[in-house]
Structures are given as C-alpha cells and as structure tokens.
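Hi,

Here is the structure for you to look over. My notes follow below it.

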Amino acid sequence: MTRETAIRWVAKPLVFASALIPLAWVAWTAISSGLGPTGPLGANPIEYINRFLGDWAIRFLLLALAVTPVRGITGWTPLMRFRRMIGLFAFFYASMHLSSYIVLDQFFDWTEIWKDIVKRNYITVGMVNFVLLASLAATSTKGMIKRLGAKRWTMLHKLIYVIGIAACLHFYMMRKGVQLEPIIYAGVCAVLLGYRVIAHLKKKARAGRAENPDRAGAGTVHR
Ligand code: HEM
C-alpha cells in the first residue's frame with residue numbers, strides 16, 4: 001500500500017470516525033437516559049450538552065492550530081493533510097453547540113436569542129466568532145482557493161488566529177471569575193500562536209542574513 005492510499009483510505013476515515021465519537025456519545029446518552037435531572041448528564045442536561053459541544057468545538061480549533069507547529073517540530077508533513085478536516089470538525093461542533101443553544105436552551109425564541117447576542121458579551125463574542133469560522137469553512141474547498149486566489153485565500157484563513165483567541169475569550173468570559181480550565185485553553189492557544197511568531201521572526205532573520213551575507217558575518221570576519 002502506498003502512503004497516499006494509506007492516508008486516503010485508512011487514516012482519514014479513522015480520524016473522521018474518531019472525531020464523531022464525542023457527538024455520538026452525548027447523543028446516545030441523552031436519548032437513552034432522557035433529559036431528566038437524575039440521568040448521567042447531571043442535574044441540568046441541557047447545560048451539560050451545550051457546554052460539552054462548546055468544549056469539543058474549542059478542542060478541535062486548538063487541534064487545527066496545533067498541526068503546523070507539530071509538523072514543524074517533527075517534520076512529519078503528511079499531518080498537513082488532516083488540517084482541513086480537523087478545522088471543519090471545529091466548525092461542525094461549533095454549529096452543534098449553537099444549535100443546542102437555539103433548540104434546547106432557547107426553544108427557538110428568536111427575540112430572547114437576539115437579546116442574548118446583544119446584551120451578554122460572551123454570547124456576542126461567540127456569535128461573531130461563529131460567523132468568522134463559518135466564513136473559513138465556506139471557503140475551505142479547492143474550488144474556493146482557485147476562485148479567491150492563493151494570496152487572498154491565505155490572508156483570509158489567517159483569521160483562524162483571531163478565532164482561536166476569541167474562542168478562549170468566550171470561554172473565559174462565560175465562566176466568570178478566574179477559573180483554571182479556560183486559562184489552560186488560553187495557555188495552549190498562546191503557545192501555538194507564539195510558535196508561529198517565533199518561526200516568523202527566525203525566517204525573517206534568516207532571509208535578512210541571506211540577502212546581506214557580509215553584514216551577517218561582519219562580527220567574525222573583520223575581527
Ligand atoms: C467558534 C464558536 C464557539 C466556540 C469555540 C465556543 C466554545 C464554548 C466553550 C468552550 C464554552 C464553555 C464550555 C464549558 O464551560 O465547559 C462555551 C459556552 C457557551 N457558549 Fe459557546 N462557543 C462558540 C460559539 C457560541 C455561539 C455562537 C453561541 C450562541 C449564540 C454560544 C453560546 C454559549 C453559551 C450560552 C455557553 C454557556 C452555556 C452555559 O451557561 O452553561 N457559543 N462555548
């Protein structure tokens with residue numbers, strides 16, 4: 001089996017199926033036990049489901065952001081082939097999270113939903129972030145890369161950094177007060193974005209040295 005066949009027919013379906021496990025688990029648990037207050041989803045199962053889906057949305061977001069640094073450190077380039085799928089799963093879980101809020105939490109009460117979006121800051125941040133993430137999901141196909149042009153597409157998809165930061169902010173604001181869990185997620189996000197900043201600065205320094213080799217070696221040659 002070639003590496004291409006293994007990625008396409010084994011690894012990708014495996015990653016795809018694994019990414020659906022959290023949703024399958026929560027849906028199965030909710031359906032089989034009902035949404036009563038004494039079931040396995042705790043006293044407030046609707047809140048549990050909504051938070052559970054939000055947690056998986058941010059996890060997939062951070063996983064998508066982790067692909068480039070892990071590739072950079074390990075040199076394992078096939079990893080890049082999974083980045084789009086992981087990013088789309090972040091969008092998928094964010095859509096499920098939003099749907100659970102609209103359907104289970106608010107029962108389609110659009111007036112209340114609008115009031116929430118306008119008045120509760122963490123929901124405003126969540127909503128804006130969802131729209132940004134949707135714009136990346138909608139332009140994630142090869143056809144859209146062609147239509148937008150590689151340069152514009154790359155610029156647009158840099159929004160993923162803003163989305164990562166905003167997701168952490170949404171989590172932190174929602175929990176109110178200083179809590180460990182959102183701080184851990186924000187720390188992971190900071191490391192993943194920090195890696196890119198350092199890689200960018202190193203690349204710039206290398207390019208500078210290549211452009212001007214005399215200056216780069218000045219300290220040693222002339223001494
Ligand atoms: C990129 C999009 C989003 C991400 C990554 C995200 C992620 C999260 C996370 C991680 C939590 C905390 C879960 C926990 O406490 O364990 C959360 C909570 C929450 N999110 Fe989002 N969210 C997003 C978009 C939205 C949108 C669009 C809405 C609604 C308009 C929303 C509404 C909520 C609500 C209501 C809670 C708190 C639920 C409660 O009080 O128990 N989120 N979200």
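How many residues does helix α10 have, and how far does it reach from its first C-alpha to its last? Helix α10 (residues 180-211) has 32 residues and reaches 46 Å, close to the 46 Å expected at 1.5 Å a residue. The expected span is 1.5 Å times one less than the number of residues in the helix. Helices (H or I, at least four residues) are DSSP runs, numbered from the N terminus.

Two points before the rest. This is a predicted model, where local features need pLDDT of at least 70, side-chain atom pairs count only at pLDDT 80 or more, and totals for chains, interfaces and linings use all residues. Residues are numbered from 1 along each chain as its sequence is written.

Confidence
pLDDT is the predictor's confidence in each residue, from 0 to 100. The protein chain averages 94, and 96% of the residues score at least 70. Residues 219-223 stay under 50. For that stretch the model has zero contacts beyond four places in sequence. A contact means that the C-beta atoms of two residues, placed from the backbone, lie within 7 Å. Where pLDDT is low, the predicted coordinates should not be read in detail.

Back to α10
This helix is hardly covered: three of its 32 residues are buried. They are Tyr185, Cys189 and Leu192. Buried means 20 or more other C-beta atoms within 10 Å of the residue's own, exposed means 12 or fewer, and partly exposed lies in between; C-beta atoms are placed from the backbone. What covers the buried residues of α10 includes α3 (45-74) and α9 (159-175).

The ligand
The ligand is surrounded by 24 residues. The closest are Arg51, Gly54, Ala57, Gly126 and Phe130. The largest share, eight residues, comes from α3. By type, the shell divides into 14 nonpolar, six polar and four charged residues. Ala, Val, Leu, Ile, Met, Phe, Trp, Tyr, Cys and Pro count as nonpolar, Asp, Glu, Lys and Arg as charged, and the others, Gly among them, as polar.

The core
The largest nonpolar core has 29 residues. Ala57, Phe60, Leu61, Ala90 and Tyr93 touch the most other members. α3, α4, α6, α9 and α10 each supply at least two residues of this core. α3 gives the most, with 10 residues. Such a core is a set of buried Ala, Val, Leu, Ile, Met, Phe, Trp, Tyr and Cys residues joined through C-beta atoms within 7 Å. Leaving out residues up to four places away in sequence, Ala90 touches Ala57, Phe60, Leu61, Ala64 and Leu133.

Backbone angles
Most residues other than glycine have a negative phi. Phe108 has a positive phi of about 60 degrees although it is not a glycine. Phe108 is in the loop between α4 and α5 (110-119). Lys176 also has a positive phi, near 55 degrees. Lys176 is in the loop between α9 and α10. Phe108 counts as exposed because it has 8 C-beta neighbours inside 10 Å. Lys176 counts as exposed, with 8 C-beta neighbours inside 10 Å.

One more helix
Pro213 is in helix α11 (residues 213-221). Pro213 is exposed, with 10 other C-beta atoms within 10 Å. The C-alpha atoms of Pro213 and Ile145 are separated by 37 Å, and the two are 68 residues apart along the chain.

Best wishes

Notes: Near = placed C-beta within 6 Å.
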